[in-house]
Each structure stands twice: as structure tokens, then as C-alpha cells.
Amino acid sequence: MTSGKNLSLVPRSLIRALTICLCSFIYSSSIILATTTTTAQNIPSAFWPFDNNALELYNTGIDGTVSGGPTYTTSVLGYGAAISLTRSSSQYVYITPTIIPFNSRSFTVEAWIYPIGFSASNDYGIMGQCQTTSTNFCFHVIVRNINLYFGFYSSDLQGGTTLTMNIWQHIACVYDLTTGTQQVWLNGNLDGSRSASAYSGLWGITTIGATFQSGSITSFNGYIDNVRYTSIAKNSTEILRDANLQVYYSFNGGSLTDYGPNGINATAFGVLVSTTGRVDQAIQFNSGPYISYAYYPFYFLGVSGYSYTMALWAKPTGSYSAQTLVFVTASSGWCVHFVVTTSTGVLTVNSWMGSGVGAVGPTLTLNTWTHIGYTYSTSNGVLLYINGNLYSSSGSFTFSASGAPMLIRLGGDSGGTSCSPGYGGAFTGALDEFYLYNRELTAAQIYALANP
Ligand SMILES: [Ca+2]
Ligand SMILES: [Ca+2]
């Protein structure tokens, strides 16, 4: 049992009864009785992936239980699932008997949220733990005035950005005990900050998809995915990684494991070989086999106008010819050679605005590692960096995406050679250290990737 050292003092039948009655009597004195007998554990991190259930991945005793009959829907990651919550049905998840410790310490709460139909006159609960509705004793992460809102009760912080409906967004709430600071982050950007004392609550049932700071239930409306608790104050680098790094392959030891936060491991289509890389090992492609997926993992690449960055090392080892380094496609057939060489070995990076658009690079030198950094935003359009330095650009435009999650092929286009810009084919050479972000990295960030 991990449910607390004194839990045995409460009869099992009472715990069962209290659990059943949780929804209507969460503030009843009998619940306080049950929870005061449970001691908060030290929990370094916890993760609720909501992959068709409410279980926690790393610990015992902090699995979620669903209330009100929520359903599950497509994940922001394309695999697993996300929980779908309907506000009018008071659907949410609660965690009992173990107490998630938020008190007197630094912590970070992160989640992916997909809000549907929010009104500025309502609050929408994301995560909470409410001992009593008094100052510093009722922790809540909610949406208020359609902005992120993070508070301990009468010690609260509202973010500055209005949330967008019907799109996945990454949120993070940080309390830093060392600096005495609350922060809210939206999509990897700091959205608000204030000084605050630590949360004081020692007990209370932790809830996801609903909060109780108003004294009654405040439910979410929409989808929530991959909720994470960490007992440290994450910094801007860590939150940028969690919110914006879509995938990272080091290819070390020939591995296709994703070393980013999302677990989007790739699949070899044909036989690929591990070779000496620019950073440890790389993958050698021999004009046919490529790397891809059996599903469509990249939600943000399918959203028109959404910023992105891809970065990689390339070393062609064959002869100068049209070859695909990075190919992007959707199930609809939408397809563009994002990173490709022409028949004479000239690098081009490409996007789509209803017609082809992109930037032209240098001839890739055979048998030499070149770092390619390709960023996109609506204001800057495509920027192409070679070995960490800006080389060329497209001018501003709005990326016209497929409207559905995309997949990538690395090292080939699997017969899609006619896709924009109308040349491609299989790659002969090595690729290393592939990164995909759902934001436009800065010149300094690209320079850092090009100088490992
Ligand atoms: Ca999930
Ligand atoms: Ca490597």
C-alpha cells in the first residue's frame, strides 16, 4: 500500500463510500477526516497520458478515477489518446487517496489543452487541489476570462494571452520556492509572472479537468492530454523543450528513438545502417530505405500559418542528383519536399502557400557534413541557415497546410517525387541530429544547434 501511513485507521467501507460520494460531497467534513489521515508522499514527478484511461504512468497510488463519464479522443501526438470532457456533464478526473504534494515547495504543472466553446463569463478547471477556500489553501489551474489563471486562492496570477478555441495548446504553471514566483506559460512563452508565497494546503483530493475554488465544481470543456507534475520549477529551456520540441533523433547507435518529450519513435522502411555521425553516430541511407511512421504524428505541421523549425546535419555520399532529405505528407495526399536537392546537388528548402515557396541554398558538398537550419513564421517566411548562419529567405507568406496531422519521411519520398517542387527521390548519404519544433527558433538557437 502506498496510500498513506495512517489510512488503515479509516474503515475500508467508509473510504469506498466516500469515494462514491466524492462528486457531491467533496467539501464535507467526512472527506476531510479521510484525507487528514493520509500523509503526502514525496513524488518527484507524475504523468497522466490519458491513453484511453486515467492511470498515472510512474507511481502507485495516484491513478485517476473518472467521474461523470468522460470519453477519449485523438491525442495531440497522433498516438494514444486524450480525455474529452463536457462541462455540462461535470466530467473530470480525481486522484485519491494519495495526496499530490504542492505545498511549501517548487513545482511545475504542464498539460496540453484543446478548449471548445469557452465563454469569458465562466471559469474552466484544468487541475486543482483544495483543502479549504481560504488564502493559500486552494490550488487551482483554470481558464478565466479565456486566459490562463494559476492561483493558491487570493494569491493568483492571470496570463496575458487570450486562448484560441479548437486548437491544441501547451500550458505550464510554475511555482519557484527559491525566488517566490508564480509563472504561467503558454505554448512555451512566458504569459505572466508575480511574486507569491508558497502554497500551504496539506491535503485535498487532486482533480484534473475540474477545480473547486468557487466552492462547487468548475469543469473544463474540450480535451486534455499528457498532464505532468514535476516537483521542481522548470526553467524557460525546459518549458520550450516540452511545449515546442516535437521530435529529436540523435540517431546514436543507429537508434530511431525520439529523445524529445513526446516519445514519437520512428520506423525504418528498409534496411538502414548506423555510421559515424557529426555528433556520435548517424544514419546512413543507401538510395531506397527511409525513415517514417505508420501513423501521422505531427499535429502542428498540419495547421496553416503555424510556425515550425527543422534542423539536421546532412552528408551526401553519392553523386549530385535530385534527392530527398525531408519529405512531408498528410493522409489526404498533401505533400511537399521540405528539404531536397536539385539534379545538380543544390539544396532547396520548400513550403506551400497554395503554390510552391521556399529558399535556395548552396550546393551540398559531397562527403562533408553541412548543418541545415530551416525556420518558418508568417512574418519572416522561410529562413535558411547553413552551418549556423543565415543564408537565404523567402519573404513573408502564410503556410497553407493540409489541415490534418502530417508525417515526415527522412531520406526518401517513397515515390512522391512529383510533389512540390517537382523533384526528389531517394537519398544516398548520412543524416544526423534531426530536430522538429513547432516554433520559429531564433538565429542564436540555430547557431547553437550548428555548433554542438
Ligand atoms: Ca495521451
Ligand atoms: Ca548523432
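Valine 143 stands opposite leucine 148 in S9. I begin with that pair, from a predicted model in which local features need pLDDT of at least 70, side-chain atom pairs count only at pLDDT 80 or more, and totals for chains, interfaces and linings use all residues. Residues are numbered from 1 along each chain as its sequence is written, while chains are lettered from A and ligands numbered from 1 in the order in which they are written.

On confidence, pLDDT is the predictor's score for each residue, from 0 to 100. The protein chain has a mean pLDDT of 92, with 91% of its residues at 70 or more. Over residues 1–38, however, pLDDT stays under 50.

Let me return to the strands, which are DSSP runs of E with at least two residues, numbered from the N terminus. Pairing requires that DSSP find at least two bridges between two strands. S8 and strand S9 (residues 147–151) run antiparallel and are joined by five bridges. Their hairpin has two residues between the strands, and asparagine 145 there takes a positive phi near 55°. S8 also pairs with strand S7 (residues 123–130), again in the antiparallel sense, over seven bridges. Aspartate 123 has arginine 144 of S8 as its bridge partner.

Is S8 buried or exposed? A residue is buried if 20 or more other C-beta atoms, placed from the backbone, lie within 10 Å of its own C-beta. Seven of the seven residues of S8 (residues 138–144) are buried, so the strand is largely enclosed by the rest of the structure. One side carries Cys138, His140, Ile142 and Arg144, and the other Phe139, Val141 and Val143.

Next, the domains, whose bounds come from an automatic or database domain assignment. Domain 1 spans 39–234 and domain 2 spans 243–450. Their centres, taken over C-alpha atoms, are separated by 35 Å. The contact takes 10 residues from domain 1 and 11 residues from domain 2, where contact means C-beta atoms, placed from the backbone, within 7 Å.

Finally, alanine 430 lies in strand S32 (residues 428–437). This alanine counts as buried because it has 25 C-beta neighbours inside 10 Å.

Methods. Helices (H or I, at least four residues) and strands (E, at least two) are DSSP runs, numbered from the N terminus. A residue is buried if 20 or more other C-beta atoms lie within 10 Å of its own, exposed if 12 or fewer, and partly exposed in between; C-beta atoms are placed from the backbone. Two residues are in contact if their C-beta atoms, placed from the backbone, lie within 7 Å.
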